[in-house]
Amino acid sequence: MLNSIFGSTITLQSLLICFATALALGVLNAMVFLYKSRHSSGFAMTLALLPMAVAVVIMLVNGNVGTGVAVAGAFTLTRFRSVPGTAREIAAIFVDMGIGLALGMGYVGFAVVFFIVAAMFVLALTLLNFGAASRREKELRVTIPENFDYNGLFDDIFTKYKLHVELVKVRTVNMGTLFELTYHVTFPDDRIPKELIDELRSRNGNLNIIIGDVADREML
């Protein structure tokens, strides 16, 4: 079951089996990794086709060092035509590549078993919401004038509302005339008090205040 279906040469029958398996596993892998996640239709199509593309490359290289080097150089060009993805998207691509590598060498059973194990693991962790940030954690962005000392500027307000706060980023905006402070704030409940916003506004001179979900930090 886990042995290669290729003999000394690749027959049309074995080629079609590998192609059909690659397309089926590619579509299933896309469905698994895109479950409960934001994605584009283009990325879904890429995940569906990638195993077959990788399998073809492996079949064509098949011990030819020169061809392998040329193919590796060609694939590096795609780095400059793509945008960075999230860790989940990169994991999906690696699983697709693993399936394609196995099928390119004729290990159909190995590819199927690998996909089943990976899919079960991903679905289980997704349903358990593994590693997700607390729903009570929010991102707070406060703009202050450049002449303000941002160290401990709002500590008394945060203490008053029993907030757990971490200052994660400070950047200049508006040609350096303002500071934008980014906090990760954990609220004691799911409610964001209006009084908190009012006190922050009175402290920062009525400049911009933004509270929302924590930004996606999966980028690698």
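In the hairpin of β2 and β3, four residues lie between the strands, and N174 takes a positive phi near 55°. Strands here are DSSP runs (E, at least two residues) and helices are DSSP runs (H or I, at least four residues), numbered from the N terminus. This is a predicted model: local features need pLDDT of at least 70, side-chain atom pairs count only at pLDDT 80 or more, and totals for chains, interfaces and linings use all residues. Residues are numbered from 1 along each chain as its sequence is written, and side-chain values use heavy atoms, with hydrogens and water left out.

## The sheet

Four strands form an open sheet in the order β2-β3-β1-β4, with antiparallel pairing. β2 and β4 (209-213) stand at the edges with a single partner strand each, so one side of each has no neighbour in the sheet. From one strand to the next, the twist averages 20°. Axes for such angles are lines fitted to C-alpha atoms, for helices over the stretch in contact, and the angles run from 0 to 180 degrees between N-to-C directions.

Two strands count as paired if DSSP finds at least two bridges between them. Strand β2 (residues 164-173) pairs with β3 over nine bridges, in the antiparallel sense. Strand β1 (residues 137-145) also pairs with β3 in the antiparallel sense, over nine bridges. K138 stands opposite V185 in β3. K169 stands opposite T182 in β3. R171 has E180 of β3 as its bridge partner.

How enclosed is strand β3 (residues 178-186) by the rest of the structure? Eight of its nine residues are buried, so β3 is largely enclosed. Buried means under 20% relative accessible area, exposed means over 50%, and partly exposed lies in between (1.4 Å probe, protein chains only).

T182 lies in β3. This residue is buried, with a relative accessible area of 2%. Its contacts, not counting residues up to four places away in sequence, are E139, L140, R141, E166, L167, V168 and K169. Contact means heavy atoms within 4.5 Å.

## Salt bridges

The whole structure holds seven salt bridges. Each is a side-chain nitrogen of Lys or Arg within 4 Å of a carboxyl oxygen of Asp or Glu. Among them are these pairs:

| Pair | N to O distance |
|---|---|
| K160 and E199 | 2.7 Å |
| E180 and R171 | 2.8 Å |
| E195 and R191 | 3.6 Å |

Which elements does the K160 and E199 pair link? K160 is in helix α6 (residues 155-160) and E199 in helix α7, 39 residues apart, so the pair links distant parts of the chain. K160 is exposed, at 54% relative accessibility. E199 is partly exposed, with a relative accessible area of 22%.

The bridge partners E180 and R171 also meet through their side chains in a salt bridge. E180 is buried, at 10% relative accessible area. R171 is partly exposed, at 41%.

E195 is partly exposed, with 40% relative accessibility. K194, D198 and R201 are linked in a network of salt bridges.

## R203 in helix α7

R203 lies in helix α7 (residues 194-203). This residue is partly exposed, with a relative accessible area of 29%. It touches F148, L153, F154, D156 and I157, not counting residues up to four places away in sequence.

## Nonpolar surface patch

L2, M105, Y107, F110, V113, F114 and V117 make a nonpolar surface patch of about 620 Å². Patches are made of residues with over 30% relative accessible area and no salt bridge; like charges are joined within 9 Å, and nonpolar side chains (Val, Leu, Ile, Met, Phe, Trp, Tyr) within 5 Å. L2 is found in the segment before α1 (12-33). This residue is partly exposed, with a relative accessible area of 44%.

## The chain as a whole

The chain has seven helices and four strands. From the N terminus on, the elements run α-α-α-α-α-β-α-β-β-α-β. Of the 220 residues, 31% count as buried. The accessible surface comes to about 13900 Å², of which 63% belongs to carbon and sulfur atoms. Accessible areas come from the Shrake-Rupley method with a 1.4 Å probe; for residues, only the protein chains shown count as cover. Among contacts with a separation of 6 or more, 74% join residues 24 or more positions apart.
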